[in-house]
Amino acid sequence: MNTAPIRALLVDDEVLARLALRQALAAHADVEIVGECGNAAEAQQAIQALAPELLFLDIRMPGMDGFKLLHQLKPQALPMVVFTTAYGQHALRAFDAGALDYVLKPIDQARFDQALERVRRHWHGLQSPAATSAHANTHLQRISVRVGEHIRVVAVDAIDWIRADGNYVQIHADGSRYLHRETLSHLLATLDPARFLRIHRGVIVNVDRIREVHPLFNGNAEIVLRDGTRLDLSRRFRAGARLVLGLP
């Protein structure tokens, strides 16, 4: 088990808020503050330079907000995230973005300590030999989508295919279609590339759902899923499909 401290970066445009975080972290000797940033642009550079393992992140900041910052980061560079904010209405979106916890300001020490305990459990799990060897665990396992006033949790295993729809994606799973606010490229980066294949500029397919591939003219092809859905495989993505599917 790694006994080195968890390296944390504080991102908040208010100096007093960063000071409050430092004071709250004083009770946690296993967390080392490696830097502070006053906005998301600074945080981008600091994450690249310092590679922190934990990010305490405000949401509303001048310029890029906290959510946009996370969207800009590559999945492999994404630290553990605890949002610290004065606004409670963003909690659901924060957990959709993969945050471990959501702490409201002004910071309550007992509530903050609970968040740190959750961080520790997650960090120790990442450091365990089983987690290190199980690369698949680093990929997205489920997606929370809004359905009316409710949240539906869709298992990634249940997804048949996904289509881009502007800043949203249409997720087709178990005979249902869900509209989810996320770009196709960002979602693809979180999925297991051995299981999900981009076959068109705007389409991802679960390779386990593919039944047939019909070659067409000019290097294009048509993919038929188990439920009969027909999707275009463009020439641009034919090479990737050939490797994954073993096409001639």
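**View A. Ile143 stands opposite Val154 of strand β7.** The model is predicted; local features need pLDDT of at least 70 and side-chain atom pairs count only at pLDDT 80 or more, while totals for chains, interfaces and linings use all residues. Residues are numbered from 1 along each chain as its sequence is written, and side-chain values use heavy atoms, with hydrogens and water left out. Strands β6 (residues 142-147) and β7 (residues 150-155) pair in the antiparallel sense over six bridges (pairing requires at least two DSSP bridges between two strands; strands are DSSP runs of E, at least two residues, and helices runs of H or I, at least four, numbered from the N terminus). Two residues lie between the strands of this hairpin, and Gly148 takes a positive phi near 65°.

**View B. Helix α1 (residues 15-25) has Ala17, Arg18, Leu21, Ala24 and Leu25 buried.** Buried means under 20% relative accessible area, exposed over 50%, partly exposed in between (1.4 Å probe, protein chains only). Seen down the axis of α1, the buried residues fall within an arc of 120°, so they line one face of the helix; the arc is that of the directions from the helix axis to the C-beta atoms. Val15, Leu16 and Gln23 are exposed on the other side of α1.

**View C. Arg18 forms a salt bridge with Glu36.** The closest N and O atoms are 2.8 Å apart (criterion: a side-chain nitrogen of Lys or Arg within 4 Å of a carboxyl oxygen of Asp or Glu). The pair links helix α1 to strand β2 (residues 31-37), 18 residues apart. Arg18 is buried at 13% relative accessibility; Glu36 is partly exposed at 32%.
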